[in-house]
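Here is a friendly walk through one protein model, meant to be read with the sequence and the 3D view side by side. Please keep both open as you go.

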Amino acid sequence: MLLRQKANFFVLSTALIVASFTYLASSWVLENFLVGSDTLQKTAMVESIKLDVEVFERILRLAEEQWEEQLRTALPLIAEQLQNIDPSNMSEQLPILVRQHGLSDLHLINPDLLVYESTFKQEIGLDMSQVTDEYTDMLKGLFKHEKFTTHGVSLSTLNGNPKKYGYFSLADSDIIVNGDIDVRSRLERADTGQLADYLFGDYVTKLTTKYQWIKQIDMFIVSNVDQWSLFFPGKHIDVELARKLYNAESGDTNLFSEQLFPIQLATYNSLGLKVFLFVDFDNTLLLKTKDKLQIASLFIALLTVIFSYAILNFGVRKVLIERFSLLLAQIKNKQTTHAQNIVIEGNDEVSQLGEAINEMMGRIKIQEQRNIELIDISQHDGLTGVSNRRAFDERIELEWRQARRQENDFSVIMLDVDFFKDFNDNYGHVAGDDCLRKIATCLKSKLSRPIDFIARYGGEEFICILPNTDSTGAQKVSEDIRTKIESLNIIHDFTNASQVVTVSVGCYTINGQFNINVEEIIKSVDHLLYQAKDQGRNC
């Protein structure tokens, strides 16, 4: 029997057993313990609680105004200060800016909406584009607009703490400065301590006292990535349930005596967040039924776990896991030690996969070697051994972009062998080829830095790239090259420049802060080369 058939058989058997137990248990629960509740009365209480929660939002909004003004003042100043901070010292400087401006935390967001630096280290790497579409649009609208924005108190994605967030981006900046103020710690200060106790303590107590049929009230803020309680720090609802609620898949959801109800609050609607009231009704009359239902559900869950685990653990491990583990171990061993071929006994898909991997890795190894050889051939001049024109075109684009980013000096040297046609015509092409090889060797000896680059540009033309080299250094290198080639003493009786082979050299230097393209650089150094020729060559 093939592996796929074995796996299907075990999975199907397990699914049938679990489904049978679940169906029988659910039928028994529905028949014996499920009791209807007064939906209209509960709905009326929930609507009244919603009005009370809207009052909570307005009270909190009044407390937010001074924090909003603080963020509006602080973030532009922080953004300006960040312009003068070395990126390598950013993690050390951010806490200083936080203390200086009286904030709780500071986060930096890049154009990909990723938090790449933060005083709250757990937030580094957080993808802000995943929260909601509205939140993403708000952040994207900030870049390069010299704009400050904020929104009502929301909850930290990582720990659920309520915070007041502000955002600012300079007109010429690719980062958003995101500062926040911790709401609880700010309200717990002496002058607002009573307000903190009321909003995050007494407020919920007063609501549960007002509605005597309710044991607990909570409110959850749900987005694409989190689902935190506003009233109880660190509390959240089930992730799968939160996703269904956010995508409007489940409506009002009952979990035993617990219920979740959607609520409309302008502060969170504008961010695309959804708010749900959690109401735990005290169904005293149904307490006995509820206990029995919980015991029955626990018993069913226990049986389901035992049977599912026993069957899946035995069947899947024997049929799939052990064979795939053996295959994976051999693959890893082959990758790290270049071991012999993978061997999996049997005649199922796993053994066939091992054979296919052997064949594929063999072809890959052959192709990699061929690619290396082809790349080397395509990038080098066969006669002189230096890079060719194609490699030069790619390299100069790369080096010039680097110089532009760092605003470094960038030099290019172009040289041409004087009267080389006459040399070839009189001494022969073999001597001409040998002459070019000697010149290439000379260039490599004079340009020994790893970042320097030499290429054969044309028949008797060579071109060199000198990154991070100013005009003085480039001119010195150029003159050294010219004199070194002249000192090779390659006899050339058919030249007006000298009795030996010489070169004319053009040397061009520009700083990366100038906005010109590569074609202009090549045109400029070529022009300087022809000036050298016009001035008598060998110069």
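Is glutamate 240 buried or exposed? Glutamate 240 is exposed, with a relative accessible area of 52%. Please bear in mind throughout that this is a predicted model.

## A pair along helix α7

Glutamate 240 has a partner: its side chain and that of lysine 244 meet in a salt bridge, at 3.8 Å from N to O. Both belong to helix α7 (residues 239-246), and because they are 4 residues apart there, about one helical turn separates them. Lysine 244 is partly exposed, its relative accessible area being 33%. Glutamate 240 counts as exposed because 52% is over the 50% cut-off.

## Other salt bridges

The count of salt bridges comes to 21. In general, side chains of opposite charge can pair when their charged atoms come close.

One to look up is the bridge between lysine 163 and aspartate 105, with 3.0 Å from N to O. This pair links distant parts of the chain, since lysine 163 sits in strand β5 (residues 162-169) and aspartate 105 in strand β1 (residues 105-109), 58 residues apart. Both lysine 163 and aspartate 105 are buried.

Elsewhere in the list, salt bridges with shared partners join Arg61, Glu64, Glu68, Arg72 and Lys164 into one network.

## The nonpolar cores

Which residues have the most contacts inside the largest nonpolar core? They are Ile78, Leu82, Leu106, Leu139, Val177, Met219 and Leu277, in a core of 67 residues. Helix α2 (residues 39-82) supplies the largest share of this core, with 14 residues. Apart from this core lies another, of 24 residues, including Phe423, Ala440, Cys442 and Val501. As a general point, nonpolar side chains in soluble globular proteins tend to be buried together.

Leaving aside residues up to four places away in sequence, valine 177 touches Leu75, Ile78, Ala79, Leu82, Leu106, His107, Leu108, Gly166, Tyr167 and Phe168.

## Two helices packed together

Now turn to helix α12 (residues 420-427) and helix α13 (residues 429-446). These two helices pack at an angle of about 135°, and their axes are 6 Å apart. That angle makes α12 oblique to α13.

On the α12 side, the contact is made by Phe420, Phe423, Asn424 and Tyr427, while α13 brings His429, Ala431, Gly432, Cys435 and Leu436. Sorted by class, this contact has 6 nonpolar residues, 3 polar residues and no charged ones.

## A glycine in a loop

Where is glycine 141 found? Glycine 141 is in the loop between α4 (133-140) and β3 (147-150). With 29% relative accessibility, glycine 141 counts as partly exposed. Glycine 141 and serine 169 lie 28 residues apart in sequence, and their C-alpha atoms are 9.7 Å apart in space.

Methods. Residues numbered from 1 in each chain as written. Predicted model: local features only at pLDDT ≥ 70, side-chain atom pairs only at ≥ 80, totals over all residues. Heavy atoms only, no water. Core = buried A, V, L, I, M, F, W, Y, C linked by side-chain atoms within 4.5 Å. Buried < 20%, exposed > 50% of the residue type's maximum accessible area, 1.4 Å probe, protein only. Contact = heavy atoms within 4.5 Å. Salt bridge = Lys/Arg side-chain N within 4 Å of Asp/Glu carboxyl O. Axes fitted to C-alpha atoms, helices over the stretch in contact; angles between N-to-C directions. Parallel < 35°, antiparallel > 145°, perpendicular 65-115°, else oblique. Nonpolar A, V, L, I, M, F, W, Y, C, P; charged D, E, K, R; others polar.
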